Amino acid sequence: TWTPDNFVDMTVAELKEKLGNDRVVLGLSGGVDSTVAAVLLNKAIGDNLYCIFVNNGLLRKDEFESVLKQYEGMGLNVKGVDSSARFLDALAGIDDPELKRKAIGRVFIEVFDDEAHEINDVKWLGQGTIYPDVIESISVNGPSATIKSHHNVGGLPDFMKLKVVEPLKMLFKDEVRRVGASMGINPDLLGRHPFPGPGLAIRILGDITAEKVRILQEVDAIFINGLKQWGLYDKVWQAGAILLPVNSVGVMGDERTYEKCVALRAVESTDGMTADWVNLPYEFLQKTSNDIINKVKGVNRVVYDISSKPPATIEWE
Ligand code: XMP
């Protein structure tokens, strides 16, 4: 019978056999899959696993620093690369969602490739691909693939000439979490909501600026921390805030304001293919809305997204 402990023992033995003294490079995203893949590989080959964690400047507030620290604490051989400026430059003036994804994918590959070249004699690319990713990238004609190009599946371009090692390829998400738990990975990290590869770029509708990223990071942090404080985080499959390309009139003291509007989104789902909006308590929404408007300069209106998928998607772009 399949147990997480058996899986770890078997996979570590297989990886040792397969990789020997070879070096492996792996991109960490802060998500569950790449983290579990890295810890497994690290168990098998130690510091011959070179992890790269890229800050694209579109992560959640303080996420790059805090997650990098966690990775280091787990004993991973990891290099944090802050390329925020490079990503923001590449995104300047782009408002089309697919072009945003392409620009981010392109810069990520450039940054990753530069970093991989720094490692002498690297032979393998490690990836946190899980079974549903394999299925999704096979069914390229499926609706989700044509609506949005999920750039993080399929690996890096051929020119890198690396063999691919994907230790989680046969696992479903819940199995990945169980494997992670059996290796002692922090439950907070394993229980994290999914977060899209292009990050906040696809939650800022319209063009992206550093100021908009800052505003959205503040709003998102208030929402997500609130969900945690109210014990709601684990009841929700995914949550986040969206910065709308809309200014609305408000009033502060005697002054008329004309500032940004944000939408909050929280959904229940099992695989992201369908989703229902979550009936969050009014008291929570009330407190969160007040906090956002009082604390985040530049925002004077908060709305809650009550659309299910289909026909709406989870992300707005
Ligand atoms: P949608 O918006 O299609 O999202 O209902 C379904 C799930 O996919 C995530 N998502 C992405 N993940 N790159 C990713 O890595 C992307 O370009 C992308 N677009 C959507 C979304 O956050 C949700 O979990």
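Predicted model: local features only at pLDDT ≥ 70, side-chain atom pairs only at ≥ 80, totals over all residues.
**Ground rules.** I count residues from 1 along each chain, as its sequence is written.

**Domains.** I looked up the division first. Domain 1 covers 4–190 and domain 2 covers 209–304; such bounds come from an automatic or database domain assignment. Taken over C-alpha atoms, their centres are 29 Å apart.

**Where they touch.** I found six residues of domain 1 in contact with seven residues of domain 2 (contact: C-beta atoms, placed from the backbone, within 7 Å).

**Strand β2.** Next I turned to β2, residues 49–55. Helices (H or I, at least four residues) and strands (E, at least two) are DSSP runs, numbered from the N terminus. Is β2 mostly covered or uncovered? Six of its seven residues are buried, meaning that 20 or more other C-beta atoms, placed from the backbone, lie within 10 Å of a residue's own.

**Its neighbours.** Strands pair if DSSP finds at least two bridges between them. β1 (residues 23–28) runs parallel to β2, with five bridges, and V25 has Y50 as its bridge partner. β3 (residues 78–82) also pairs with β2 in the parallel sense, over five bridges; here I saw N55 opposite D82.

**Crossovers.** Helix α2 (residues 32–45) forms a right-handed β-α-β unit with β1 and β2. Helix α3 (residues 63–73) forms a right-handed one with β2 and β3. Right-handed means that, with the strands pointing away from the viewer, the path from the first strand over the helix to the second runs clockwise.

Notes. Contact = placed C-beta atoms within 7 Å. Buried ≥ 20, exposed ≤ 12 C-beta atoms within 10 Å, placed from the backbone.
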